[in-house]
Amino acid sequence: MASLAEEDEYEEISNEEKVKIATHFLLSSPPGEIKEVEKDISRIVPSSALGEETVASTFRKYNLDNFTVAKTPEGTSMLVCAAGEVDESHYTDPRSKKTYGFDHKAQTWTGEASDEFPTDESVEELRAATQVAMDEYLSSFFNDESKALSAAAVYGKGGNLEIRVSGVASDLRNYWSGGWRSNYTVSISGGNSASVSGSVKLIAHYFEDGNVQMNTSNEFQGTTISFTDGANLAGAVKEQISTFESDLHNELSSVYTRMSADTFKDMRRILPITKQKFDWSGVQSKLNSNLKSS
């Protein structure tokens, strides 16, 4: 419980500063937890300071930054990102070539889909083929058994392809959540060559009797690939992204191994406070005696 001095100090903070603190916590929410964080914040920040408009705009920024995934009315998973934004509450689905309304605070798709879909005809064939390849790639990691919400989206923008991938798994009753989001650009140059570059961000959060987070991000520099047609490009992009992300997986596995062997070992006390090793010989003798008597 906060002391009276702490409460007085909190009361001295202006409403503007309280809003900044609240929005910081909201935007820093781990995957699948922003609604829970919002509930906690509403208990300590007066509603007069943190209005509905501020909350809605904060949720929108969070959803765009984290590629939030939600089920459409048809039951398919679709992500929210700036590349697919028509306006502040409508987003395109590159797979169905439709546009849906999105309630940022409820994190749900709303209303009936429209056939509106901005198309960059110069790369539409390449985009459509790459979308199919990315759906296949995603399904190899996220499926019904994983109980995760995931989606991949490929957009045609300015003669290039923008790829967004997001996967979120959470079990708040068991105190954990995690998310993976990828952001790639396929820059198509003259002729039959392209460059693939991008980044990955992932977070794992465990909060049973504590609060432990692992945040990892990695940048992938442009790598040139060659292609002959849409299907060939899609396969090359899928293979290159697989290489990027497999290297990241291997690097993380190596880090975890070193942490177990070195970092965590160094955190444990080698000797007890008495600086004396435990005499196991006496215990062994007593155990042998008890076993024989039994």
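Q: Why does Arg 164 count as buried?

A: In this predicted model, Arg 164 has a relative accessibility of 10%. Buried means under 20%, so Arg 164 falls in that class.

Q: What makes the contact between Arg 164 and Glu 162 a salt bridge?

A: Their side chains come to 3.1 Å, N to O. The cut-off asks for a side-chain nitrogen of Lys or Arg within 4 Å of a carboxyl oxygen of Asp or Glu, so the pair qualifies. Glu 162 counts as buried at 15% relative accessibility, and Arg 164 is buried too. A search of the whole structure finds eleven salt bridges.

Q: How do you know that Glu 36 and Lys 39 are separated by about one helical turn?

A: Both belong to helix α3 (residues 34-44), where they are three residues apart, which means about one helical turn between them. As a general point, an α-helix has 3.6 residues a turn, so residues three or four places apart point the same way. The side chains of Glu 36 and Lys 39 meet in a salt bridge with an N to O distance of 3.8 Å, which is within 4 Å.

Q: Why are Glu 36 and Lys 39 called partly exposed?

A: Glu 36 has a relative accessible area of 39%, and Lys 39 has a relative accessibility of 43%. Buried is under 20% and exposed is over 50%, with partly exposed in between, so that is the class of Glu 36 and of Lys 39.

Q: What makes the pair of Lys 97 and Glu 124 a salt bridge, and which parts of the chain does the pair link?

A: The closest N and O atoms of Lys 97 and Glu 124 are 3.0 Å apart, and the limit is 4 Å. This pair links distant parts of the chain: Lys 97 is in the loop between β4 and β5, Glu 124 is in helix α5, and 27 residues separate them. Arg 127 joins Lys 97 and Glu 124 in a network of salt bridges.

Q: Buried or partly exposed: how are Lys 97 and Glu 124 classed?

A: Lys 97 is partly exposed, with a relative accessible area of 39%. Glu 124 has 11%; the limit for buried is under 20%, so Glu 124 is buried.

Q: What makes β4 and β5 a strand pair?

A: Four bridges join β4 to strand β5 (residues 98-103), and the two run antiparallel. Pairing needs at least two bridges, so β4 and β5 meet the requirement. Within this pair, Tyr 91 stands opposite Tyr 100 in β5. On the matter of β3 (residues 85-87) and β4 (residues 90-93), these strands pair in the antiparallel sense over two bridges. Asp 87 has His 90 in β4 as its bridge partner, and the β3 and β4 hairpin has two residues between its strands.

Q: Why can the buried residues of α2 be said to line one face of the helix?

A: The buried residues of α2 are Lys 18, Val 19, Ala 22, Thr 23 and Leu 26. Seen down the axis of α2, they fall within an arc of 130°, so they line one face.

Q: Why is Val 123 called buried?

A: Val 123 has 3% relative accessibility, and the limit is under 20%, so Val 123 counts as buried. Val 123 is found in the loop between β6 (108-114) and α5 (124-139). The C-alpha atoms of Val 123 and Gly 156 are separated by 6.2 Å, with the two residues 33 apart along the chain.

Q: Why is Val 212 called exposed?

A: Val 212 has a relative accessible area of 54%.

How values were computed:
Residues numbered from 1 in each chain as written. Predicted model: local features only at pLDDT ≥ 70, side-chain atom pairs only at ≥ 80, totals over all residues. Heavy atoms only, no water. Buried < 20%, exposed > 50% of the residue type's maximum accessible area, 1.4 Å probe, protein only. Arc of directions from axis to C-beta.
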